[in-house]
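Please look at the sequence and the model below before reading on.

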Amino acid sequence: MEKITESKLNPEKELKRNLCVHHEEKLLLFCKEDRKVICWLCERSQEHHGHHTFPAEEVVKECQEKLQAALERLRKEQQKAEKLEADIREERTSWKFQIQTERQRIWTEFDQLRNILDSEEQRELQELEGEEKRILDSLAEAEAELAQQNQLVKELISDLEHRCKWSTVDLLQDMSGIMKWSEIWTLKKPKTVSKRLKSVFHAPDLSTMLRTYRELTRVQCYWVDITLNPINLNLSLVLSEDQRKVMSVPIWPVKFTNYGILGSQYFSSGKHYWEIDVSQKTAWILGVYCRTRFRNIKFGVRQGTVHQNVYSRYRPQCGYWVIGLQNKFEYKAFEESSTSHPRVLTISMAVPPHRVGVFLDYDAGIVSFFNVTNHGSLIYKFSKCCFSHTAYPYFNPWNCPGPIILCPPRS
């Protein structure tokens, strides 16, 4: 703008700029090699001999087109930069809101925990005070009863001591019956009170509970949406329309040994987590299946086959990393074995799981099971799993009523 203003204010100076300083001819040509604007006499001079020259107007037009193209491109880049900048500002605001929301949620939940702890503390103290009152009242009653008996025996002793001073005739003629009463009177002992408190409070290990819950929360970050695969479905299994629920229905007179159903999703790397609702089941088998070179999976076998070895397939050698429930209360893990039968381990369960979480770390060779009902406590963990092929979620509702239900993420 300064140059344009200057040229308008000083037209003579601008005219001189368009003239060759050597020949005072108009600068109408452009030398490509020297990248200078020259006049026709300069073109014929020894300095520019053999150089490529072009009309200045054509070169200017080409330059203007290039400048315009560059300008348009840079303006688009500027728009992109401004949009990205706006997106980042928006994302920053969104993250701030998300962090603040999570911070507020953490405060609220810990306030609730503190309120629960305060409430439990008051309840425990009230129970202790109630027990203290019952014990002290009982002891006070016993003390009063003993004091009454003590007073009575004092009076009897005093009366007997007085009678010891009587004459023989008076003593023999005494018919008050006090002598007989004194002979049969015995101390009535009060009810004994236990020397131990009826209940002693033990605070739960909150640090362990929180650490366990954090571990569950960590693996839940890898929650995937699993559905059941209807292919090769056993005739005794009924699958829901949304492919999230499966249950066993006996087909008379044909009987099947139920070998379960795979998930539609499969994995060959990474970390994955899913949850199963087993609250209505008295028997089930859950975990991960991966095809091995030992045998291929079979989903249904007539009961005429070897029924007593029905659990023999559930072991890592055959591609199963699973745990199960039998007979309502018996929790089992099926481990490696050198025999044809799996090594069945009994799992102790403080709280029966109504919901089970399964975590697969394919690359690390880990399959873990969590009791979501009990704050995410670890049920069992398979380590050093050798997955030679893709791994599938495995579900077996077994031959008992009630469905196995796959839980959608974050439900």
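Is Glu275 buried or exposed? Glu275 is buried, with a relative accessible area of 2%; buried means under 20% relative accessible area, exposed over 50%, and partly exposed in between (1.4 Å probe, protein chains only).

## Basis of the report

The model is predicted: local features need pLDDT of at least 70, side-chain atom pairs count only at pLDDT 80 or more, and totals for chains, interfaces and linings use all residues. Residues are numbered from 1 along each chain as its sequence is written, and side-chain values use heavy atoms, with hydrogens and water left out.

Glu275 forms a salt bridge with Arg355, and their closest N and O atoms are 2.7 Å apart. A salt bridge is a side-chain nitrogen of Lys or Arg within 4 Å of a carboxyl oxygen of Asp or Glu. This pair links distant parts of the chain, with Arg355 in strand β14 (residues 355-361) and Glu275 in strand β8, 80 residues apart. Helices (H or I, at least four residues) and strands (E, at least two) are DSSP runs, numbered from the N terminus. Arg355 counts as partly exposed, at 21% relative accessibility. The structure holds 13 salt bridges.

## Helix α4

Helix α4 (residues 56-163) has 108 residues. From its first C-alpha to its last it reaches 156 Å, close to the 160 Å expected at 1.5 Å a residue; the expected span is 1.5 Å times one less than the number of residues. Its buried residues, among them Ala56, Glu131 and Arg163, pack against β1 (29-31), β3 (53-55), α5 (168-173) and α6 (178-184).

Within α4, Asp111 and Arg114 lie three residues apart, about one turn of the helix, and form a salt bridge with closest N and O atoms 2.9 Å apart. Glu120 and Arg123 are likewise in α4, three residues apart, and their salt bridge has closest N and O atoms 2.8 Å apart.

## A buried lysine

Lys281 is located in the loop between β8 (271-277) and β9 (284-290). Lys281 is buried yet has no salt bridge, and the nearest side chain of opposite charge, Asp277, is 11 Å away. Here Lys and Arg count as positive and Asp and Glu as negative, while His and the chain ends are not counted.

What does the side chain of Lys281 reach at 3.1 Å? It reaches the backbone oxygen of Cys400. The backbone oxygen of Gly402 lies 2.9 Å from a polar atom of the Lys281 side chain. Leaving aside neighbours within four places in sequence, Lys281 is in contact (heavy atoms within 4.5 Å) with residues including Leu325, Trp398 and Pro401.

Methods: Polar contact = N/O pair within 3.5 Å; in protein donor to acceptor, adjacent residues only side chain to side chain.
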